[in-house]
Amino acid sequence: MVLVMAAVRSLFNYRYSIAVGRLLQLDIVPRLRAQVFDKLQRLDFRFFDANASGSIINRVTSDVQSLRSFVDGVLIQSVILLLSLGVYLVYMTGKNVTLTLACLATTPLLWIGTTLFSRWVQPAYAENRGLADNLVLALSEGVQGIHVVRGFGGEKHELARFSARNRALQEQQGRIFRRVSVFSPAISLMGQLNLVVLLFYGGWIVRRGDLSLGDLIVFAGLLQQFSGQITNLATVVNTFQQSLIGARRVFEVMDAPISVQSPAAAPMPALTGAVRFERVSFAYKAGLPVLRDVSLDVPAGVRVAILGETGAGKTSLLSLIPRFYDPSAGRVLLDGHDVRTLDLAGLRRQIGVVFQETFLFSDTVAGNIALGQPDASRDDIERAARVAKAHDFISALPSGYETRIGEGGHGLSGGQRQRLALARALLLEPRILLLDDPAAALDPGTEEELWEALDHAMQGRTTFVIAHRPSTLRRADRILVLDDGRIVQDGKHDTLLAEVGPYRRVLGWGEAS
Ligand code: DCP
Ligand code: MG
């Protein structure tokens with residue numbers, strides 16, 4: 001019998017591991033991970049302003065694993081635990097009811113111990129995740145910022161920062177480990193207390209003649225098994241608290257509100273590109289306005305240049321047009337439609353953006369240009385690249401448009417990367433083009449060529465360009481001067497030059513006399 005039971009037990013254990021492994025590793029965890037990533041892709045910029053990348057990475061990689069430990073180490077283990085406890089209890093009550101009750105005398109202690117432990121360990125696990133986030137952040141910054149680190153000889157400092165966080169995490173893990181190491185034997189001790197109660201009380205009723213010695217021995221054996229299962233409870237409780245924290249962190253992402261939402265069944269009319277700001281105010285953090293009461297009316301096809309000192313709100317102003325953020329007051333209108341009423345994806349497809357800091361993916365050159373339009377033909381990609389003055393250097397790359405560029409666009413110069421970003425925006429044939437300081441990466445000669453090409457490509461389309469070079473400003477139909485979130489000057493180059501105002505100062509012409 002013992003042999004058969006052992007064989008059956010092993011077989012079940014084997015089947016159990018396979019089934020759980022398949023269920024969790026192959027299905028649930030990857031599915032949850034994909035869902036979290038999907039949600040991240042839809043979350044607006046406010047979420048990313050508020051959450052450090054280390055924390056986001058940890059939530060998608062390690063915290064989703066807590067679902068696995070929950071199902072595996074809590075759900076299934078609890079079922080096994082309850083079932084076996086139930087079987088032992090039924091068996092024991094069958095032998096002797098009062099003796100069974102006496103043996104459960106320590107249950108309240110067990111309950112108190114478990115509650116105290118949970119209350120302590122939960123914040124500790126939350127703290128643990130926070131420390132792990134810091135460590136991942138130090139790692140990713142140390143790698144992504146390697147150029148700056150080297151350039152400023154910051155290796156020692158980075159290493160010290162990383163080591164400190166590494167140590168903090170390790171020490172905190174040690175503290176958790178010590179508490180868990182106390183909890184588990186304590187639970188086991190409570191189980192042994194039951195045996196003491198049994199021997200005293202059981203011995204007494206045996207002497208009274210109400211129970212045979214043989215039954216007492218059987219009872220003691222059962223109680224040993226029962227206590228063994230109770231000890232498992234410690235592990236289950238610990239795993240439960242741990243996975244609870246992980247799950248909370250995953251669901252914080254899943255439940256994070258998306259403030260920039262596409263309205264349901266929103267219309268997407270073909271835009272001509274007229275942009276209107278109606279008394280727009282905007283703040284990243286409540287109480288710290290970045291744009292104040294900005295009103296603006298730009299007919300389609302106009303080229304607007306924006307200039308102003310650093311931090312004036314230029315990038316912020318542009319970011320309201322494709323709804324990277326929504327204004328805190330006022331409205332942004334395209335062709336008379338409030339942008340909040342338009343289909344979000346459709347809206348962004350009609351707006352080409354070249355950001356102040358370009359980002360290229362570890363993909364081919366063609367793949368990077370076709371980001372917004374993956375089914376674009378090679379001809380279209382080449383045409384966009386020509387306009388962006390990128391075709392020549394792309395053709396000179398080892399595999400032309402099929403050249404893979406390294407992570408973050410390494411292997412290309414800063415100007416080349418910016419031109420790829422411009423080609424990416426032009427490929428969309430956008431009605432509105434937003435260029436955040438593109439000239440920073442261009443020499444004056446190339447800039448002149450670029451503007452000529454853009455004049456042609458952007459015929460009849462609206463362009464907003466943040467620029468500080470007189471050559472660019474002179475070409476603009478209209479110049480906005482931004483100062484501390486307000487439009488303080490608005491007009492053409494020559495007019496503004498003649499005016500008293502910051503335009504002359506920003507351009508370095510001195511104050512008008
Ligand atoms: N700001 C913020 N949170 C962000 C971006 C900006 O709090 N995610 C703040 C920093 C500035 C202000 O908003 O004080 C305006 O920032 P902009 O990026 O709009 O400033 P500019 O584009 O005008 O500055 P620059 O010329 O340096 O690009
Ligand atoms: Mg800016």
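Leu333 stands opposite Asp338 of strand β5. In this predicted model, Leu334 has His337 of β5 as its bridge partner. Strand β4, which covers residues 329-334, is joined to β5 by two bridges, and the two strands run antiparallel. Two residues separate the strands of this hairpin, and Asp335 adopts a positive phi near 50 degrees there. For context, most residues other than glycine have a negative phi.

## The four-stranded sheet

Strands β4 and β5 belong to an open sheet of four strands, arranged in the order β2-β1-β4-β5 with antiparallel pairing. At the edges stand β2 (289-298) and β5 (337-338); each has a single partner strand, so one side of each lacks a neighbour in the sheet.

Strand β1, residues 275-283, is connected to β4 by five bridges, again in an antiparallel arrangement. Within that pairing, Ser281 has Ala329 of β4 as its bridge partner. Strand β1 also holds Arg279, a residue other than glycine whose phi is positive, near 45 degrees. Arg279 counts as exposed because its relative accessibility is 55%, above the 50% cut-off.

## A further positive phi

Asp484 is partly exposed, since its relative accessible area is 44%, which falls between the limits of 20% and 50%.

## Nonpolar cores

The largest nonpolar core contains 46 residues, of which Ile369, Ile394, Leu420, Leu426, Leu454, Ile479 and Tyr503 touch the most other members. Helix α15 (residues 414-427) provides the largest share of this core, seven residues. Another core, of 33 residues, lies apart from it and includes Leu271, Leu342, Ile432 and Ile466. In soluble globular proteins, nonpolar side chains tend to be buried together.

The surroundings of Tyr503 can be given in detail. Beyond its neighbours within four places in sequence, Tyr503 is in contact with Leu307, Leu473, Ile479, Val481, Gln489, His493, Leu496 and Leu497. Ile479, one of these contacts, is itself listed with Tyr503 among the residues that touch the most other members of the largest core.

## Helix α8

Gln173 is located in helix α8, which spans residues 155-208. Its relative accessible area is 41%, so Gln173 is classed as partly exposed. Between Gln173 and Leu216 there are 44 Å in space, taken from C-alpha to C-alpha, for a sequence separation of 43 residues.

## Overall form of the chain

The secondary structure of the chain consists of 19 helices and ten strands. Its radius of gyration is 34 Å, well over the 24 Å given by the globule rule for 513 residues, so the chain is more spread out than a compact globule. Along the principal axes, the C-alpha atoms fill a box of roughly 115 × 55 × 50 Å.

Of the 513 residues in the chain, 44% are buried. The accessible surface amounts to about 26700 Å², with 60% of this area belonging to carbon and sulfur atoms. Among the contacts in the chain with a separation of 6 or more, 75% are between residues 24 or more positions apart.

Note on methods
Residues are numbered from 1 along each chain as its sequence is written. Chains are lettered from A and ligands numbered from 1 in the order in which they are written. This is a predicted model: local features need pLDDT of at least 70, side-chain atom pairs count only at pLDDT 80 or more; totals for chains, interfaces and linings use all residues. Side-chain values use heavy atoms; hydrogens and water are left out. A nonpolar core is a set of buried Ala, Val, Leu, Ile, Met, Phe, Trp, Tyr and Cys residues joined through side-chain atoms within 4.5 Å. Buried means under 20% relative accessible area, exposed over 50%, partly exposed in between (1.4 Å probe, protein chains only). Contact means heavy atoms within 4.5 Å. The radius of gyration is taken over C-alpha atoms; the globule rule is 2.2 Å times the number of residues to the power 0.38. Accessible areas come from the Shrake-Rupley method with a 1.4 Å probe; for residues, only the protein chains shown count as cover. Two strands pair if DSSP finds at least two bridges between them.
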